[in-house]
Amino acid sequence: SGSDVKGGGGVVRVRGGRGAIGEQLSRGLLVSPQSELPAPVTRVLNALAANPLKDWKARELAAVARVSYSGLRALFRKSGQGTIHQNIQRVRLDQARLLLADPRLSIKDVAAQLNFSSEFYFSHFFRKHTGMTPSEFRRRLQLPANAGVAGLPAAKAGAMSRLDLPDGSAASDGHVWR
């Protein structure tokens, strides 16, 4: 025996009656927020994640989403995902942090890989969003206190290490929490 539970992504079939997990599913507690995103928004987020070094334009992403630009803007606003531009900038910032962690790359190389018109503009962008210059970010990664896993704090090393940043976010294994 089983019951059908309606969630944001459709109907989930729960087998074996109403155990603890079945109860939580029926109340919508285990429905993934990702499954509740409109398909065009999910397509855009997937495209950004699949090709983070691309110099994405919002209108290009609307074509990927298969909706108009104004329709995509409205879907992002309605779904609580911020703006299209904020998502593009977040992906660029995440990639900047990852590339800056590689000491073999100059800041100019990082700027070029991220399609910034100049090293100066990249440094301005990075400082505006993190509160520190790319050079300062690199110095923080090299501090002895940060000698843990992959240059992240030893005290926080483990399955998910993180580096707290002055802008209130934290970087970890390529992820940024705000």
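Is Arg-90 buried, partly exposed or exposed, and at what relative accessibility? In this predicted model, Arg-90 has a relative accessibility of 32% and therefore counts as partly exposed. Its side chain meets that of Asp-94 in a salt bridge, with an N to O distance of 3.6 Å. Both Arg-90 and Asp-94 belong to helix α5, where they lie four residues apart, about one turn of the helix.

Side chains of opposite charge can pair when their charged atoms come close. The count of salt bridges in the model comes to four, and the pair formed by Arg-90 and Asp-94 is one of them. Another joins Arg-104 to Asp-102, with the closest N and O atoms 2.9 Å apart; here Arg-104 is exposed, at a relative accessible area of 73%, whereas Asp-102 counts as buried at 19% relative accessibility. A further salt bridge links Lys-54 with Glu-60, the closest N and O atoms being separated by 3.2 Å. In this pair Lys-54 is partly exposed, with a relative accessible area of 31%, and Glu-60 is likewise partly exposed, with a relative accessible area of 30%.

Ala-101 is located in the loop between α5 (84-100) and α6 (107-113), and with a relative accessibility of 45% Ala-101 counts as partly exposed. Although Ala-101 and Leu-141 are 40 residues apart in sequence, their C-alpha atoms are 7.3 Å apart in space.

Notes
Residues are numbered from 1 along each chain as its sequence is written. This is a predicted model: local features need pLDDT of at least 70, side-chain atom pairs count only at pLDDT 80 or more; totals for chains, interfaces and linings use all residues. Side-chain values use heavy atoms; hydrogens and water are left out. Helices (H or I, at least four residues) and strands (E, at least two) are DSSP runs, numbered from the N terminus. Buried means under 20% relative accessible area, exposed over 50%, partly exposed in between (1.4 Å probe, protein chains only).
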